[in-house]
Amino acid sequence: MAQRPLRRNTCESCGRIHYSRSPLTRFCSSTCQSRTWKKNNTATQEQLEQEYLAQEAEKAAQQDTEAA
């Protein structure tokens, strides 16, 4: 069985050129892949605090309506 030919790719994170046999490769290393994932999936502390305060306000409103 023949191997797939090498492809020249550019890393989406750091912009370096890398070679891969897979057409699905987007990053040059696992470090670049995890950096991109963290950048796209980490909420700032301010966003988390606002979400928490909104949840607490909703709970308080529900308790008020149940008590009445």
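Of the 68 residues in the protein chain, 10% count as buried. Buried means under 20% relative accessible area, exposed over 50%, and partly exposed in between (1.4 Å probe, protein chains only). The model is predicted: local features need pLDDT of at least 70, side-chain atom pairs count only at pLDDT 80 or more, and totals for chains, interfaces and linings use all residues. Residues are numbered from 1 along each chain as its sequence is written, and side-chain values use heavy atoms, with hydrogens and water left out.

The protein chain has 2 helices and 2 strands. Their order from the N terminus is β-β-α-α. Helices (H or I, at least four residues) and strands (E, at least two) are DSSP runs, numbered from the N terminus.

How does the chain compare with a compact globule? A globule of 68 residues would have a radius of gyration near 11 Å, but the protein chain has 23 Å. This radius is taken over C-alpha atoms, and the globule rule is 2.2 Å times the number of residues to the power 0.38. The C-alpha trace spans about 75 × 30 × 10 Å along its principal axes.

Now the cysteines. The structure holds 0 disulfides. A disulfide is a pair of cysteine sulfur atoms within 2.5 Å.
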